[in-house]
Amino acid sequence: MNYRNRMEEIMSGKHRLSEEDRLKMDYLPDDIPPLPKGEDALKPSTKAGWETEAIIRAMISNLHNGRDWEKLYIYGGSGKVARDWKSFNETVELLKTLEPNETLFLQSGVPYGKMQTTRWAPRCVITNSVIVPHWTPYFEEFVASGLSVYGQMTAGSFIFIGLQGIIQGTYETIAASIKAAEKKQIYQEFSNFEKKLVVSAGLGLMSGAQPLAIKMCEKIGIIAEVNPHLIDRMYNTGRDQGAPYLDYKTESIEEAIKIAQESAEKGEVVSIGVLCNAIDLLQYLVEEEITPLVLTDQTSAHDLLNGYYPMGISYDEADIMRVESPEEYLERSKKTVVKHVSLMVELNKRGAETFDYGNNIRQQAYELGVEDAFDYSGFVLEYVRPLFCEGKGPFRWMALSNDPEDIKITDKYAKKLFYDDTQLVNWLELADKYIPFEKGLPARVFWAGFVGRAAFGMLMNKLVSEGILKAPVVIGRDHLDGGSVASPNRETEGMKDGSDAIGDYPIINLLGNALSGATWVSYHGGGGVGVGYSLHAGQVILADGTRLSQEKLFRVLTWDPLSAVLRHAAAGYEKAIDVGNEHKLVIPGRNEIREFDYEKLYDHIVTLVKDRTGVELFPPMENLELSLK
Ligand code: NAD
């Protein structure tokens, strides 16, 4: 037996498993695993206490918020929480009995081993979809043969909080794109209707945030989606609370335009879901000479076989073709993506503020011959990079009590701590008004940076210790982040020094978080844009109300945003260097500071929290060893 031959057989598709075998459906539970509620939710049931309980609840919460729990699909096309049901169940069992000084290692959604580490070490180390670069084109074959899994980001790192996680980023991004559009010369030539129109496609797990975010920005949204069930889902979401994501749904593009025009005349803010392929909507706009103010796309174009839908066939026909004739499906998808991006390029030329929303659609079209695919840029380059230089980025937390009241309390304290950040406070108010809590653990997200993240994390920990929050919270983030990601078509597009594809940075971020006390850490390939196009690291940290937790929170939540400042300083961004100098951070080669005063920063945070919220944090621990008891 030549072992190299075995891999070649796998790459040629000889060892593909059936979907049933790949998911190990024999181990599928009768119903979705429940999340504890009420009194039951206020105590951990695992040997190591909240640290491991948090991981189990976060995994289950992902299933509740996800797209298809039986198949373990969470979001972003085929992004999964575990490789298969056997692995999901085993992971939970192993976590239940893990000692407080042990670590469980997961390899692409499968338990791989555990060992004694320390109380400071993460309880769980996760890797997903990491392939030696040369063999990346065969990723799907490795998955099909049961050797790897696509974890996206928060699917495979257990911190997916449903639509609200993305609504805030979408809201910030669309608001920034509207501002940019309104500054353009051509804006003056737009009709009243065009000035209000935002067009996109995709109403899936992440993309479904678009209609609501557009309304929050006081504009009219038309979103194309091929899946009628998802249009219904978004039409019904929030309706009982008087804030539906989609106000209208229709199967006719003409009708969608008519509703939008009438609403624009009446000065109303509405969102319309139209059942069609994205390219049909864009073709119509081009032919009718309607140029939207803002244009983007959030179909799962990063995956032309399992996420993207080809033109000319219905949703149901496409699903059958994908299984029965994947080659034909892929061919059709390729033709569609070429046309799709060409239409976006055309509308961009006509003046629509067009941006790529991180689904790798330009790259797909470029590789298929659309030379001007990169004529419009990605949203990070346009709107987010300056924030990354400050270490700012989306920051999320989930209440393990499973009680939305806990999130409302954290909102209240966040408004006090960040009272001078108008955008953040506005966001929290809009979130309260528009964003229903989902089926998983109640959660919240906002953008915070260096100092702010640590201060808020440490504050929440103290709220747990004082019983103001009923149970601990976990704090994490996604891959829209300045320090933990290498993703040349998204987070690191167009870096000043050309370092877009350098993969060292996410590993440095990962190790820093693991060494600083994160509760679980993860390393992934492909989040957001598909395997081969990005590498990124994640961290989630528990705030359980203990002094040890405060120490860990201080370190992790300063290191995580600090790594964004360092990353951008290394690439030569003046703003990052200024931020570094302002906080007296050591930036070798960029400033002369050689000693970072941690104690001063700790004291500063303690004072800031006390002055703004009245909450007294624990003083720093002098003997950290004591905390191990
Ligand atoms: P999803 O698969 O849940 O949803 C995508 C939706 O697009 C599906 O409902 C699908 O039916 C629809 N669709 C596919 N092809 C279509 C077509 N040609 N015309 C009309 N509708 C079509 O995925 P998601 O989680 O919503 O993510 C969408 C994309 O956005 C992914 O590529 C993801 O990686 C990327 N993403 C970006 C960000 C960001 O911050 N910018 C965040 C998350 C995900």
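Residues are numbered from 1 along each chain as its sequence is written, and side-chain values use heavy atoms, with hydrogens and water left out. Because the model is predicted, local features need pLDDT of at least 70 and side-chain atom pairs count only at pLDDT 80 or more, while totals for chains, interfaces and linings use all residues.

The protein chain is divided into domain 1 (18–144), domain 2 (167–375) and domain 3 (388–526 + 544–628). These bounds come from an automatic or database domain assignment. The centres of domain 2 and domain 3, taken over C-alpha atoms, are 32 Å apart. Between these two domains, 18 residues of domain 2 are in contact with 14 residues of domain 3. Contact here means heavy atoms within 4.5 Å.

A polar side-chain atom of E225 lies 2.5 Å from a ligand oxygen. For a polar side-chain atom of Q298, the distance to a ligand oxygen is 3.2 Å. G528 contributes a backbone N or O atom, 2.5 Å from an oxygen atom of the ligand. Taken alone, the ligand exposes 840 Å², and the protein buries 97% of that. Accessible areas come from the Shrake-Rupley method with a 1.4 Å probe; for residues, only the protein chains shown count as cover.

E51 is found in helix α3 (residues 50–65). Helices (H or I, at least four residues) and strands (E, at least two) are DSSP runs, numbered from the N terminus. E51 counts as buried because its relative accessibility is 10%. Buried means under 20% relative accessible area, exposed over 50%, and partly exposed in between (1.4 Å probe, protein chains only). Not counting residues up to four places away in sequence, E51 touches P100, R119, R123, T519, L542 and K552. The side chains of E51 and R123 are joined by a polar contact of 3.0 Å. A polar contact is a pair of N or O atoms within 3.5 Å; within protein, one must be able to donate a hydrogen and the other to accept it, and residues adjacent in sequence count only if both atoms are side-chain atoms. E51 and A543 are 492 residues apart along the chain, yet their C-alpha atoms are separated by 9.2 Å.

T91 is found in helix α4 (residues 85–97). At 2% relative accessibility, T91 is buried. A polar atom of the T91 side chain lies 2.6 Å from the backbone oxygen of S87. T91 also touches M59, L104, L106 and P111, leaving aside residues up to four places away in sequence.

Two loop residues other than glycine have positive phi values. K24, with phi near 50°, is found in the loop between α2 (19–23) and α3. K24 is partly exposed, at 33% relative accessibility. E289, with phi near 55°, is found in the loop between α11 (278–287) and β10 (294–295). E289 is exposed, at 61%.
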